[in-house]
Amino acid sequence: MSSVSSQSQFRLTQPPSKVLHLRNLPWECTEEELVELGKPFGNVVNTKCNVGPNRNQAFIEFADLNQAIAMISYYASSSEPAQVRGKTVYLQYSNRQEIVNNKTTADAGGNVLLISIEGADARLVSIDVLHLVFSAFGFVHKITTFEKMDRFQALVQFSDVETASSAKNALDGRNIPSYLLPEHLGPCTLRIAYSAHTDLSVKFQSHRSRDYTNPNLPVSQSAIDANGMLNCVFVGYFDGLDSVGTTGRDGCGVYDSRWFILGRDGGYLGWAEVFSMGLDGKKLEPESNVLLASIENMQYAVTLDVLHMVFSSFGPVQKIAMFDKNSGLQALIQYPDVQTAVVAKEALEGHCIYDGGFCKLHLSYSRHNDLSIKVNNDRSRDYTIPNNVMVNPQPSILGQQPVATHGPPSHLYTGAQFAPTTEHSMIPQPSSGWATGFPPAPNSMPGQMNNNPYLPPGTMPPQMGHGMMQMPSHGGPPHTHAMPPYRPYQMQ
DNA sequence: AGCACA
């Protein structure tokens with residue numbers, strides 16, 4: 001009726017209540033901080049924070065009315081105002097007698113979180129980034145995203161309530177780290193609540209929903225990028241800081257193709273790696289014009305010139321950088337285009353530079369697109385710059401003799417050995433090299449064709465001919481793909 | 001800086 005509405009909304013003196021109303025709180029304020037604030041005055045039995053349109057209000061409920069009175073009285077006469085995170089907090093008795101809902105049922109959280117992403121660019125946050133962020137706290141089973149009330153929201157399902165609550169506690173009110181977002185995006189803030197759901201229903205892997213527990217789920221077209229790949233995230237936890245460097249933006253981010261994830265206190269939470277997944281569930285790396293080669297079983301020294309020769313069979317090698325990694329040798333090989341790198345990778349992967357299984361190549365796509373070669377030496381070279389321009393402290397030795405580290409040199413692959421020795425009669429000669437548009441058959445690593453026990457002739461590597469290769473939008477296997485046009489290329 | 005579920 002009207003007798004109630006005639007009361008002023010803000011009375012100067014509230015009747016006492018064991019519930020206190022707090023305002024002007026920082027929006028990051030947690031329940032724990034509220035408990036800390038009230039504890040000196042009595043037993044805090046319940047709290048509620050992030051209340052109101054600005055989420056800067058809260059309630060504290062004491063076990064006893066006198067405790068609430070004690071707190072109000074204290075701060076009424078104190079020279080030091082109540083503070084949370086250095087912010088002055090204003091206190092008054094609530095006009096309710098108890099805090100309803102919420103924590104009375106003792107952290108009635110669920111294993112599913114409801115996430116609202118706030119910010120002008122919230123809609124541009126990909127499901128993969130969300131997965132990455134939340135995976136820092138445990139295995140994410142499923143994610144669905146949707147728009148509601150003009151807000152971009154997501155449901156994130158964890159295994160259990162504990163994991164979900166740790167994610168909520170750490171991330172609620174936080175911005176998604178900028179280094180996980182495309183550079184042009186503005187801040188995207190996470191607002192997190194518990195959902196009533198316990199198990200999300202995900203019918204398809206799509207750009208809106210993912211089920212990370214079911215690799216057999218149908219993939220909707222919307223989840224597939226131009227290369228016919230499904231972005232995915234792999235995450236590890238707490239694997240130690242010693243292996244983590246700081247090379248990314250913001251002083252944190254990418255190391256060795258992994259993201260590492262920092263918690264709210266700046267502490268290390270874990271690492272994550274974003275990659276693309278083929279429809280068969282296999283991990284695919286995004287293609288690149290730069291290949292990362294690691295060399296296994298390196299009985300013979302692999303020199304820059306050897307690498308240059310091997311990789312030049314598929315196209316002009318622009319740059320090579322060699323370095324030691326995990327007590328092994330790795331090299332980055334840069335081609336002018338992705339196609340050439342794809343062809344080279346598929347042809348060379350798993351093959352050996354020397355007979356007998358020595359110096360086996362393992363190739364992956366690098367994240368780099370353009371290597372910066374500071375100096376031409378025996379470990380790195382920029383073949384696009386004439387020799388006399390760059391300082392060349394060690395003259396290149398073009399006699400292609402492998403340096404044996406153990407035993408006599410084996411057969412080194414040289415351009416001359418590129419001549420067909422098997423049924424693959426179309427393999428180009430070194431003079432025409434890659435330019436003929438036909439790479440060596442995948443099983444016929446140059447120089448490896450004779451009696452190589454590792455490479456039965458005419459055998460397709462197992463990864464060939466499977467689902468991902470058949471996908472129409474994929475670049476396609478090299479023999480069906482248009483090759484780069486012929487451009488004369490001078491070997492040094 | 002001024003009272004919260006749905």
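**Conventions.** I worked on a predicted model, in which local features need pLDDT of at least 70, side-chain atom pairs count only at pLDDT 80 or more, and totals for chains, interfaces and linings use all residues. Residues are numbered from 1 along each chain as its sequence is written, chains are lettered from A and ligands numbered from 1 in the order in which they are written, and side-chain values use heavy atoms, with hydrogens and water left out.

**Entry 1, DNA strand B.** I looked up the residues near this strand (near meaning that a heavy atom of the residue lies within 4 Å of it), and of the 19 around DNA strand B, Gln-14, Arg-23, Asn-24, Gln-92 and Asn-95 come nearest. I then went through the polar contacts, that is, pairs of N or O atoms within 3.5 Å. The side chain of Gln-14 places an N or O atom 2.5 Å from a base nitrogen of DNA strand B, and the side chain of Arg-96 has one at 3.2 Å from a base nitrogen, whereas a polar side-chain atom of Asn-24 lies 2.8 Å from a phosphate oxygen. I noted that β6 gives the most to the surface near DNA strand B, with three residues; strands here are DSSP runs of E with at least two residues, and helices are runs of H or I with at least four, numbered from the N terminus.

**Entry 2, strand β20.** I found six of the seven residues of β20 (residues 328-334) buried, so this strand is largely enclosed by the rest of the structure; buried means under 20% relative accessible area with a 1.4 Å probe, protein chains only. Leu-332 is the bridge partner of Leu-292, and Ile-333 stands opposite Ile-320.

I traced an open sheet with the order β10-β7-β9-β8-β11 and antiparallel pairing. Because β10 (189-194) and β11 (209-211) stand at the edges with a single partner strand each, one side of each is left without a neighbour in the sheet. β7 (residues 112-118) is joined to β10 by six bridges, and Leu-113 stands opposite Tyr-194.

Notes. Polar contact = N/O pair within 3.5 Å; in protein donor to acceptor, adjacent residues only side chain to side chain. Buried < 20%, exposed > 50% of the residue type's maximum accessible area, 1.4 Å probe, protein only. Pairing = 2+ DSSP bridges.
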